[in-house]
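The exercises below concern a pair of chains and the way their residues pack; please work through each task with the model open before reading its solution.

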2 protein chains.
Amino acid sequence: MSARKLNCVWPVPADIDIAQSLEAQPIARIAEAAGILLSELNPYGSTRAKVKLSVLKRLENSPNGKYVVVAGMNPTPMGEGKSTTTIGLAQALGAHLLRPCFACIRQPSQGPTFGIKGGAAGGGYSQVIPMEDFNLHGTGDIHAITAANNLLAAALDTRIFHERTQNDAALYRRLTSELKTITPIMQKRLDKLGIHKTDPGELTEEERVRFARLNVDPDTISWRRVTDVNDRLLRDIEIGLGKAEKGISRRTGFDISVASEVMAILALVDDLADMRRRLGAIQVAKSKAGTPVTAEDVGCAGAMTVLMKDAVEPTLMQTLEGTPVLVHAGPFGNIAHGNSSVIADRIALKLAGEGGFVLTEAGFGADMGCEKFFNIKCRTSGLKPDAAVLVATVRALKFHGGVEPKDAAKENTDALRAGMSNLIRHIQNIGKFGVPVVVALNQFSTDTDAELALVRELAMQEGGAADVVVTSHWSKGGAGAVDLAQALIRVTETMPSNFQLIYRDSASLKEKIETVCREIYGAAGVEYLNDTEEKLADFERMGYGSFPVCMAKTQYSFSHDPELRGAPTGFIVPVRDVRVSCGAKFVFPLLGEISTMPGLPTRPAYYNIDIDCDTGKVVGLS
Amino acid sequence: MSARKLNCVWPVPADIDIAQSLEAQPIARIAEAAGILLSELNPYGSTRAKVKLSVLKRLENSPNGKYVVVAGMNPTPMGEGKSTTTIGLAQALGAHLLRPCFACIRQPSQGPTFGIKGGAAGGGYSQVIPMEDFNLHGTGDIHAITAANNLLAAALDTRIFHERTQNDAALYRRLTSELKTITPIMQKRLDKLGIHKTDPGELTEEERVRFARLNVDPDTISWRRVTDVNDRLLRDIEIGLGKAEKGISRRTGFDISVASEVMAILALVDDLADMRRRLGAIQVAKSKAGTPVTAEDVGCAGAMTVLMKDAVEPTLMQTLEGTPVLVHAGPFGNIAHGNSSVIADRIALKLAGEGGFVLTEAGFGADMGCEKFFNIKCRTSGLKPDAAVLVATVRALKFHGGVEPKDAAKENTDALRAGMSNLIRHIQNIGKFGVPVVVALNQFSTDTDAELALVRELAMQEGGAADVVVTSHWSKGGAGAVDLAQALIRVTETMPSNFQLIYRDSASLKEKIETVCREIYGAAGVEYLNDTEEKLADFERMGYGSFPVCMAKTQYSFSHDPELRGAPTGFIVPVRDVRVSCGAKFVFPLLGEISTMPGLPTRPAYYNIDIDCDTGKVVGLS
């Protein structure tokens, strides 16, 4: 048994001090208590271990545990504590109510860890430990994504260089190693071209050219490089300026690694074979003739899969109270779907089994994270959620009712009533998917009884929440979320989920966009700017019409305008651009300026971060 | 006991087929046999483990094993098998002669693995296994280096941006969090400026400006970004072209990660505290007033150390015959010193103990790798080598005698005699350091008895080698290097090393350069081009005069001209530029165009690399 109790002190110490005050239990003990065999574990140090996918085969006939998504209202500058609630609730279920319980969370990017946000291991007495191992490197998955993403970028640009500087015969001769071999990877391209030959000498001149020349149109290249650092100077760059590159310079840029399509793919795959196919399907550009150029055409999808072969396994860690946590994937919440991996959820559901719980976190507000959890992640996996926990705070609700952060500590039931529109719409939205909602009201010392009562009343009566429970897991650990845990158990036992998707695969891409905008955002309509209607029609023609849509929108509002708080209505959503992720298999409409590379502030977190060289301990990480 | 015997078949299968035909032993068993306690081990999966530095404390009073450097003649396009010899010799000593024996080798860059060179785990029946784990990611050290290097680059450029876009008061206010705190990291900068105050409100206006403005002169920025991908398009780029960056664009570029000064530092540090100091001392630019701007000034040296805290531990792996291998660091062989880490060597020497052996590999030819092993690595560590193994092949010697690779298989004693000049000078050079040399003649089936005898005769009589031994470890594993191992044991037992450095710390930088050029390269003199004399004088003034010099030169010739084979004389070495690595603590003169970012060929290795999705096995890696 790995559960253990906390001695919580007041005032609550700094996150890292709490995290370092408890030695993490050996990960093999956590695994054993969670039902994972030692042979299914790949340890990374003593506190992290990768879990092999073979566990799914062993348990394929076992029942699943309850599948619960933890989502939030639209985020505010004050923070609502969604990760903290996920961890605190897991501690309550696992260590206090002794239910088999897993928290499935995202691996954080190192960019924000050293930048403005700090770490992402929860906070107070609800944390994943060791928090420095969680926040730094993990088991290397994001580094593997960076490597795979950038290998593809280098391969594409260098191929263009070689095609530009060599004649047809030389290019074909070099590609085939002096006409000696066509490798199985090259064979895939030949098959795509309908050239069913295996001996490089047999191809006609015309076939050789078709095979060897990808003929990439540089203006169509959509694949960018990535780095897991907040490096704003790399947002827009010009590459290839060296003399040796012979004038093939072009404009491009870097995104933060978690914005890579490779990350979105990792979060959605079933297994290694599915990953191999999806990586090969990534579209990086078009040829001058307008045909898609894929990672498979470039020839490095096999190598990318090899780089990702360990990353496909989720990482087991633990909460402060010894509850198992699966950390896996962490795609961007706007240009991607913002949810942790299907594989981790599947493994956790089998291990939790009958009577157990899996808490999986959806990024941003529920209009983004939860909508995509349902419409993209569950659509892809076929898994059916049993309940949603929706995290809110009185302060954040008052903010949505028009109060500024500096005044949010004062009682203000009028503002609270106005701001409840935000929470109510989220509850109702989740109801449209047939999933019962428990509101977790993350308590602050400044909340008044009148305010707490008002939230409960409106959420239940106007929103239709299954329950509303006040929690204090930040200051009390799992003990502070026991009420929430009991409510969740009751709801999942008495209110069966009638999960349904809100649009069919076969709906047109425009119908899908409009359904999300009207049903979830509360928009009056959609306008297609620039050439987005033509692009969508083009996507349908190219066979991407069955993909779900992944809206790239601000997280701060139901609308496309981050300033519109509460539950705005009557707005028209502008679709400014549309793109497709052919490997991750979704179309993403861009509704505003979406930054895919954060910057560092004037005083970044690293000014606090150092190492105590005597003890080897990290200091100042938050 | 972890030693095991091989059943070698002929013809020798592909490297990956041999590597995958034997299951690696559990790394804990390798560790135990090597004298490492389980509590000193951090496993990464079942076949790799980091070794904690606490082993050094436990064994501080134990005797060291014999310290043997494995070096090569000047490399040729055919490959001489230096890594393979290191591994094969370790297998012979460990598994056949049952001596405690460690091979200490470099972690390979992923760039060449997917590019032109393939992996670096040895070859044939002398390999480190699992070769895919060795060649891909390792235990994440290079990824940590990339992250630390690029955090510093982003921090520097973003600081310049913030300084340019904010007035003095705003900048100081934000840096100190509204005058609330000066962190210990900021305190280091205040100390450097001679401002002994801790309350941000106490500083005078003038002190605030001095503290807050690094005033970097963009033309002096020497810190580049890195990626572990062969991405030639990133060699020369322009960054900061986005509108939000407000026109602070500048020219810079990416190097391959292993060329980062952070890698050179990792290879030379004693411990975590030494690493923290050296990372802080990295000089990234000069201020407009001409003073050095360091990583400490930028404020992220603590965070860089935190990113590197696991990387400071070497990684234990195993040979095909169960001999322990420590993999750690892998700095570039020309702009850095091309040797694996001091820490790994120290740990291995203590674990090997009396009667044991540590084989550590020096990159490139001995004129580069071995000279730097002595003059930089041993100078820094204070360790004294007992012997050198110098790897040569008959084919490569004939190449140095003027024969082209296509003709190297034919007997040609005249060419061999001419090419022996190369080997003889290397033997004599190592003799100047007082270290006895055993030549390992890596046998090929085309070598004739007359050729082998000639090499022996000339190496012994003209070069002064302690012994010359023919080896066949590639086709026979350790059994093929038993004669070499026995010779090495005999030499270390009967011919004590009189190790001495060839220049003193107190010699001037010009004296150091000239000593290496004349004594090791055989040059007639040195010419200082451009402003290199002024720069060297400047380095002396700034206190870098006591650093050793790390020559950035082609590996293909004793001279600066890669076309000059054999043992050229009479040439004048041009010093085209000189730079300094203040963290790694060496000055590096550039003697020619040194590429720090390889490119991908038309047919890169990735065309062969894929994964078997049924078994999860990597295919096509070489």
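**Exercise 1.** In this predicted model, determine how many salt bridges the rule finds across the interface of chain B and chain A, and examine the one that involves B:Arg225.

*Solution.* Begin with the count, which is 10 salt bridges between chain B and chain A. Then turn to B:Arg225, whose side chain meets that of A:Asp231 with an N to O distance of 2.6 Å; since the cut-off is 4 Å, the pair therefore qualifies as a salt bridge.

**Exercise 2.** Describe the extent of the contact between the two chains and the make-up of the side of chain B that touches chain A.

*Solution.* First, take the residues: chain B contributes 83 and chain A contributes 83. Next, consider the area, about 6,900 Å² buried between the chains, with 64% of it on carbon and sulfur atoms. Polar contacts, counted where both residues are at pLDDT 80 or more, amount to 38 residue pairs. On the side of chain B, helix α7 (residues 141–165) supplies the largest share, 12 residues, and the residues of that side comprise 38 nonpolar, 24 polar and 21 charged.

**Exercise 3.** Which residues touch the most other members of the largest nonpolar core, and what surrounds B:Leu423?

*Solution.* The core holds 209 residues, and those touching the most other members are A:Leu488, B:Ile282, B:Leu423 and B:Tyr521. Its largest share, 12 residues, comes from α7(B). Leaving aside neighbours within four places in sequence, B:Leu423 contacts residues including B:Met73, B:Leu390, B:Val439 and B:Ala459. Apart from this core lies another, of 208 residues, with A:Leu171 and B:Tyr125 among them.

Definitions and conventions:
Residues numbered from 1 in each chain as written. Chains lettered and ligands numbered in written order. Predicted model: local features only at pLDDT ≥ 70, side-chain atom pairs only at ≥ 80, totals over all residues. Heavy atoms only, no water. Contact = heavy atoms within 4.5 Å. Buried area = accessible area lost by both parts, 1.4 Å probe. Polar contact = N/O pair within 3.5 Å; in protein donor to acceptor, adjacent residues only side chain to side chain. Helix = DSSP H or I, 4+ residues; strand = E, 2+ residues; numbered from the N terminus. Nonpolar A, V, L, I, M, F, W, Y, C, P; charged D, E, K, R; others polar. Core = buried A, V, L, I, M, F, W, Y, C linked by side-chain atoms within 4.5 Å. Buried < 20%, exposed > 50% of the residue type's maximum accessible area, 1.4 Å probe, protein only.
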